[in-house]
Amino acid sequence: MVIPRTKRRPAKLDGTGSFTGATVRLGSLFRHPATPFLLPAVVYLFALTIYPFLYSVVAGFLNFSLTNPRPPTFAGLANYRSLFSDDLFLAAMLNTGLITVASVVIEFVIGFSMAHLFIAISDLRGSQLLRTIYILPMMVTPVVVGLLWSYILDPLFGIMNYLLGLVGVAPQPWFSDANTALWSVVFVNVWQWSPFLMLICTAALVSIPRDLYEAARIDGARWFQTVIRIELPLIRNTVLIGIIFRVIDNFRMFDIIFATTRGGPGRATEVVSLYAYRQIFQYFNAGYGAATAVVVFLIAMIIGTIAAKLLQREVYHA
Amino acid sequence: MKVSSISPGGISLVKHLFWMLFAAITVSASGQSIDWKTELKKADGKTLRIIMIQDPWVKAFDTIDQDFQKLTGASVVVDSYSYDDLHEKEVLMGNSKSDSYDIIVLDSPWVGEFQQGGYVENLKPYLEKDSKILQWDDFVATFRQVADWKGSIVGIPFGAYFVLFNYRTDLFKEAGLNPPKTIDDLKNAAKTFTKNSKFPGVFGIGMNNQRGSAVGQAYFEYIFNFGGKPFASMYPGSSDPYADMTPELTSPESIAVVQFFKDLIQYEPPGALNMAWDQRANAFATGPLSMACLWSVREPILSDPTRSKVDGKFGTSVFPSNNGKSVPPLGGWVMGINNVSKQKDLAWDYIKWFTSQETHKKFVLLGGPPSRISTMQDPDVLKKSPWIQTVYESQSQTFADCRPRIPESFQIIDKVGLHVSEALQGQVSIQDAMKQANDEIGALLKKAGYKVSDTP
C-alpha cells in the first residue's frame, strides 16, 4: 500500500484562539490565551536545549580555556582545523564507528534469535521468568556494567580466565591488550543491549499473521526462506526504530569504556564521547571541546536524518 | 613490617633518642601550649564546608572535627569525591565563582592552575600572622615549596604523599636478596621472582601501565631517577623549573625510562598493561607481587590484616634510582581557602587548628598522611606506623616540581600517558612515541605562552 503524500500548510495561531492559516503578529502572539500555557515549555526548550547548543556553536570558534582568567578570544576555524588534524580524534571516530557497527549487527542477530527462542518456549512454565532474567542487564547502569565486567575479565583475579583455565584455555588479556580491548568492549555492550533488540523483535514477530507462515509451509519454504522472505521484510520497520536508538546510543558510548579501559591501551578504545569529555572536563579546553561536541552533534544529526528518511520511505511503501 | 633504615646501617640508637627528645620538646613547647579556646573565634551555628579527595583517611575528619565543633560551635561538613571528579568540580566552582565550599583541598599539580585562575586566597598574610602557631618550618621543605606559587601560599600542607618502594620481606629473605637500591637491582629482583618454581604464583613487580594519568605519572616518577629531566629547566636544584619549558622527552634518559617500563612487562602479572593505582596496590596486598612502588597513602591498608595478606611480611625503602641520587616522587594535598568564601576567617581558624602540630599528630594516628617533620619523628606515630621512618628518609630527597604544577599539567601528563601506553603496546616504537609526545607537548606549551625552543 502506498500512502499518498499531500502538501499541508502548517497551522498558525490567530487572535481568536483557533488554528487558521492567518498571519500572526508578535504582539497578538503574546496576547493569545494559549501563550501562558506554552511559555513554560518554550522557556524550558530554550534554556536547556537551544541556548546551550548555540553557546557551544559560538564557543567552538573561540580560544576558551576555563582555567585561564583571560577572556576568550576569537579563533575562527582553528579549533576545527586542529580537530580534524588530530590523529586521536580520527582514531576515536574510527573506533566509534567500529563499535557501533559490530555491536548493532551482533545485538540484532542475538536479539532476533532470542526472540524466536522465547516465542517458541512461551507456552512452557517459567518462560516469562527466563525472559525477565534475560532483560535484567538492560536495567543496570552502564558504569556498573563496566565495573562488573572489569572484575569478571580481570586477567589476574577475574573469574572468566579461571573458568577458561578449567577447560584448558590460556588466560586472555581482555581489556589490557590493544588487539582484544575493543572486542571486549563490544562483548560487554552486546551483553547489556541485545535484550533490547530481543524485545523489539519479539513485539514485531508476534504481530506477523500466522497464515503467512502456514502458506510458506504449504509452499515448502525452508526456515531460512521464511526468515528472509517473510519475517525480515515484515519486522523491518519496527526493528529499524530500535536500531536507530542503538546507533545513537553507541555513538555517545562513554560509561562502559570509562569504567574499563579509559580509551586505552594506547588509543585502542578511544571513542568520540570520551575524547570530548577529556577536552572539556579534564583539560578544560572549552572552545576545543565545544567544537568536538558540535562535530559529534552534526554526525549524529546526519545519521538520524538518513535513518528517519529511510524509515519514512519504508512507511510510505509498506 | 620491616623498614630498611632500622636494619643495621640505619640510624643509630643515639640519633633515634635525640629525635624522640626533640619531638617531645617541640610538642610541649608549641603544640600543647596553644590555648585554642582563646585562639579560635566562636562561630556558633555556622557551618564550614570542605571539598576533599575521597582517600582512605577522610574518615579521620569525622572524629577530629568534633573537637573543632566543641571549640568554636561551628559544624564542619566534608564532601569527598574521586580524583577526576574533584578536579572537575573545583575548577568549575572556581570558574563560576561559587562559594558553596569554604575550604578547597588541592593536589600539588593543581597549585599553579588554582592560583593563576584566582580561585584561592593567598594565605601568606594569614601565615605571617599565625606563624608561631603553624610552625611553618616544621612542614616538609619541598611540600612548603609545593604550596607556594609565585610568592603566593595557595594552601597549607596537611597530606604529603611519597612513593615508597615496597617489597616482600619473606620472599626477599628466601631468595637471599636485599631491597633494591638501583634500577638494575630492581630489574634483577623482578626477574628472580617471576616464573620461578621456588616462588609459585609470584610475579616480580606491578607497575602503573594503564593509558592516561596512570602511566603518565609513572613516567614523571622515574625520569628524575634515571638522571633525566622532562623539560629543559625542570630538575632537582633548578632555580626556576619553569624558565625553559622545552620538552626533553626524546633524550636518552627519557627513552631509557620507557624501555625500562617495557622490559618489566615480562615480570608483571597478566593484564599488566591495564594496571593502575588500585590494581597495583590490590595485587601487592593479596600476595602475587614481590615488589611494588606505592604512594604512602596505601601503607595503612597493607598493614591492616583485615584488608591485606601481607601484613607483617612487607618492608619499605626509599625509591630506587639509576644514579645513586634517589628523587622519591612527592605529591599530596594542601588546604586552600575559596577566594569568594564568605567565611574566610572561620576557614582559616579551621586550617590553622587542623594543620597545627597537635591536631596533625591526632590526624596521623587516625591514618592520615604525615606532613610535618616532628610528626614523622614522633615515637607514638612511629610505633603505630613504622613505614613513616621511610617517609622521613624520603622527604629530604624529594623535588617539589617532580610533576609540573602549571595549569597544563593534567594535559601534559595525559599526553605522555597516551604515547607511552602506545609504545608499551608495541603499536609504535619508543622513539616515535616519545617524539610525538615531545612535539605535541611542545606545541601545547608554546601556545600557552611558555618559553619553548624549537627542537632540531
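Of the 318 residues in chain A of this predicted model, 31% are buried.

After H9(A) comes A:Gly220, a residue with a positive phi, near 80 degrees.

Chain A also touches chain B, in a contact that takes 23 residues from chain A and 28 residues from chain B. On the side of chain A, this contact surface is made of 12 nonpolar, 7 polar and 4 charged residues.

Helix H12 (residues 252-264) of chain B packs against helix H21 (residues 430-447) of chain B at an angle of about 125 degrees, and their axes are 10 Å apart. Because of that angle, H12(B) is oblique to H21(B), and the crossing in which H12(B) passes H21(B) is right-handed. The residues that meet are set out by helix below.

| Helix | Residues in the contact |
|---|---|
| H12(B) | B:Ser254, B:Ile255, B:Val258, B:Gln259 and B:Lys262 |
| H21(B) | B:Ile430, B:Gln431 and B:Met434 |

By class, the residues of this contact of H12(B) with H21(B) are 4 nonpolar, 3 polar and 1 charged.

In soluble globular proteins, nonpolar side chains tend to be buried together. Here the largest nonpolar core has 170 residues, and those that touch the most other members are B:Ile103, B:Val105, B:Leu106, B:Val154, B:Tyr219, B:Tyr350 and B:Val420. Strand S7 (residues 156-168) of chain B supplies the largest share of this core, 9 residues.

Which residues does B:Val420 touch, not counting residues up to four places away in sequence? Its partners are B:Val215, B:Gly216, B:Tyr219, B:Val258, B:Phe261 and B:Ala433; of these, B:Val258 also belongs to the H12(B) side of the helix contact described above, and B:Tyr219 is itself listed with B:Val420 among the core residues that touch the most other members.

A second, separate core has 10 residues, including A:Leu197, A:Ile200, A:Cys201 and A:Ala204.

Definitions and conventions
Residues are numbered from 1 along each chain as its sequence is written. Chains are lettered from A and ligands numbered from 1 in the order in which they are written. This is a predicted model: local features need pLDDT of at least 70, side-chain atom pairs count only at pLDDT 80 or more; totals for chains, interfaces and linings use all residues. A residue is buried if 20 or more other C-beta atoms lie within 10 Å of its own, exposed if 12 or fewer, and partly exposed in between; C-beta atoms are placed from the backbone. Two residues are in contact if their C-beta atoms, placed from the backbone, lie within 7 Å. Ala, Val, Leu, Ile, Met, Phe, Trp, Tyr, Cys and Pro count as nonpolar, Asp, Glu, Lys and Arg as charged, and the others, Gly among them, as polar. Helices (H or I, at least four residues) and strands (E, at least two) are DSSP runs, numbered from the N terminus. Axes are lines fitted to C-alpha atoms, for helices over the stretch in contact, and angles run from 0 to 180 degrees between N-to-C directions. Angles under 35 degrees count as roughly parallel, over 145 as roughly antiparallel, 65 to 115 as roughly perpendicular and the rest as oblique. A crossing is left-handed if the near helix is turned anticlockwise from the far one by less than a right angle, and right-handed if clockwise. A nonpolar core is a set of buried Ala, Val, Leu, Ile, Met, Phe, Trp, Tyr and Cys residues joined through C-beta atoms within 7 Å.
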